[in-house]
Amino acid sequence: MCKNILLSIFIIFIAGCSAPKPEVAPQWYSNVPTDSEFYYAVGASDTIENAKKAAIASMRESLSREINNEFKKTTHILQPVDNKTLEKIFEQSFDISNKLSFQKIKIEKSKKINNSELVLISVPRLELFEKIKPVSDALFSRMRQEYKMHKNSVAIKKFIFMDGLIEGYFKAASLTGYKKILMHSYTADDEFKLLKEIKGEYDYLKSTINIYVLSDADSKIFAHHIKDAIMQKGLSTDNSLDGENSIKIVITSDTQESKNYNFFQSKSLVKFTTFDKEKQQIAFKQHTFVGQSSKDYKDAKEHASVDMQAKIKKLNLFNFVGIENK
């Protein structure tokens, strides 16, 4: 009995020793290396080439994630940054990562495990830095020049200019973030300080500018679309001129009604006159809008106002009312 038990234990021991040990991923795959000269990533697939493609995709994702994490830190020079601004910066980071070309990629290590090829790739940080820097330098040069040009403009015209300039803010922030993580010795403070100043001034103007829209009875339907466009810009439309940066847009119109066979036609000449707080005229523009309907004249005029709404989107609000001259 004892002999049988000992024999069973011996057989189990021998079987355990002879069973193949499960293959595990190498250290370089489980813990991707980091250093100051190269950026690394790993990938796995059925072939070396496909594993390399997977590693490149991982590298792009890792780059944008690392940059985004930097902007999230409360100690970042751009903070405090609202979530909407962060999202737009992140969108730019993702876009830049996806468009970067990696010409000096090298497969540092590879290993086959359970029918899968594992690879570790590297790309010189300097290569990526030198691709991003000229793009960033050109963008910052333009932003600095334009910002300086409009430094002393009146509030509404300065906001119009900065509304366009702020579009470059998100890309400039992301590009600077890339330069900083790729070359840790790179000093980005001046660039981030400029961006913080631009964003701060833009947000201040946005919070203090109020556009009072006033219309005669014939023009109320057109005033509605102007108010909508103002609010889409994030500006106030209070019926007041009390604010320091308030302006007033007066909308008047002449409407002609006629029948075109079975259709009712409404043709309106709409005038937009803009005044500053001191009642000085600062802009004027007029447009003609035509609409027709088989229902009645009121419906035809509503169609004309839809035509106006489309033109606002095409020209942008401030060009449409004549404040911005292109």
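The largest pocket of this predicted model has a volume of about 350 Å³. A pocket here is an open set of points on a 1 Å grid over the protein atoms alone, where a 1.4 Å probe fits, with protein on both sides within 12 Å along at least five of seven lines; lining residues have an atom within 4 Å of a point. The volume is the space filled by probe spheres set on the points, which are joined across faces, edges and corners. Of its 16 lining residues, Lys84, Lys88, Ile166, Tyr202 and Lys206 are the closest to the centre. The lining divides into four nonpolar, three polar and nine charged residues. Helices H4 (83-99), H6 (155-182), H7 (189-208) and H8 (220-232) each give two or more residues to it.

Three strands form an open antiparallel sheet in the order S1-S3-S2. Strands S1 (38-45) and S2 (106-113) are at the edges with a single partner strand each, so one side of each has no neighbour in the sheet. S1 and S3 (residues 116-124) pair over eight bridges; pairing requires at least two DSSP bridges. Phe38 has Pro124 in S3 as its bridge partner.

Two helices lie across strands of this sheet (contact: heavy atoms within 4.5 Å; angles run from 0 to 180 degrees between N-to-C directions of axes fitted to C-alpha atoms, for helices over the stretch in contact; helices are DSSP runs, H or I, of at least four residues, and strands are E runs of at least two):

| Helix | Lies across | Angle |
|---|---|---|
| H3 (residues 48-72) | S1, S2 and S3 | about 130° to S1 |
| H5 (residues 125-149) | S1 and S3 | about 55° to S3 |

Residues are numbered from 1 along each chain as its sequence is written, and side-chain values use heavy atoms, without hydrogens and water. Local features need pLDDT of at least 70 and side-chain atom pairs count only at pLDDT 80 or more, while totals for chains, interfaces and linings use all residues.

Definitions and conventions:
Nonpolar A, V, L, I, M, F, W, Y, C, P; charged D, E, K, R; others polar.
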